[in-house]
Amino acid sequence: MTASAVSTVLIVYASTHGHTARVASRIESVLAVRGVDVVLCDVENAGELRPLDHNGAIVAASVHGGRHQAAILDWVKHHAAGLNGMPTAFVSVCLAAADDTDEARSATREYIEDMQDDTGWTPTRSITVAGALQYREYDFVTRLVMRMLMRHGEHPTDVTQDYDYTDWDAVERFARDFSELAD
């Protein structure tokens with residue numbers, strides 16, 4: 001990557017239980033190794049960060065109850081014009097992506113399409129990555145509901161441990177590809 005390519009990338013994320021924050025941090029690390037300056041920020045602390053003050057932007061959010069977090073959708077909607085005029089990426093973190101089925105692939109595509117419809121932003125690139133089953137992070141009710149859902153789907157139900165389904169190599173490839181987007 002040359003010094004004149006993407007010199008500063010803004011990464012804004014929403015993370016309910018912390019896993020999307022880890023995904024965003026991994027992307028930040030890959031970009032930094034490639035010589036890109038990164039501003040990494042939780043959407044709750046993004047204030048008036050403007051995508052147009054950077055050479056590229058990545059937005060990461062997780063799916064809960066069939067939708068991405070409202071705070072990230074509001075932020076994207078507010079900045080859609082700027083995002084649509086620059087190299088951008090959307091990272092959707094979704095536990096459903098851990099299932100290698102046509103139904104799961106269709107659902108994860110629909111989550112991204114819904115985000116685009118809701119916000120008016122069409123990212124240059126997007127990816128869905130499998131999230132994590134984080135029993136130890138959930139409150140009692142969420143843990144109970146997730147355990148019932150996982151039992152129905154024949155997934156792990158031991159609430160004393162977490163299960164990470166993220167393909168970290170794919171996340172890193174995505175970050176490397178994005179670093180070259182503006183070359």
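The bend at a residue is the angle between axes fitted to the seven residues ending there and the seven starting there. In this predicted model, local features need pLDDT of at least 70 and side-chain atom pairs count only at pLDDT 80 or more, while totals for chains, interfaces and linings use all residues. Residues are numbered from 1 along each chain as its sequence is written, and side-chain values use heavy atoms, with hydrogens and water left out.

With that in hand, look at α2, residues 70–84, where a kink of about 55° is centred on H78. Helices (H or I, at least four residues) and strands (E, at least two) are DSSP runs, numbered from the N terminus. From first C-alpha to last, α2 reaches 20 Å, close to the 21 Å expected at 1.5 Å a residue (1.5 Å times one less than its number of residues). Among its buried residues are W75, V76 and H79; buried means under 20% relative accessible area, using a 1.4 Å probe and protein chains only.

Now turn to β1 (8–13). Five of its six residues are buried, so β1 is largely enclosed by the rest of the structure.

Finally, which residues form an aromatic pair that is edge-to-face? They are F90 and W121, 5.9 Å centre to centre with 85° between the planes; ring centres must lie within 6.5 Å, and planes over 60 degrees apart count as edge-to-face, under 30 as stacked and the rest as tilted. F90 sits in strand β5 and W121 in the loop between α3 and β6, 31 residues apart.

Key. Buried means under 20% relative accessible area, exposed over 50%, partly exposed in between (1.4 Å probe, protein chains only). Contact means heavy atoms within 4.5 Å. Rings of Phe, Tyr and Trp (its six-membered ring) pair if their centres lie within 6.5 Å; planes under 30 degrees apart count as stacked, over 60 as edge-to-face and the rest as tilted.
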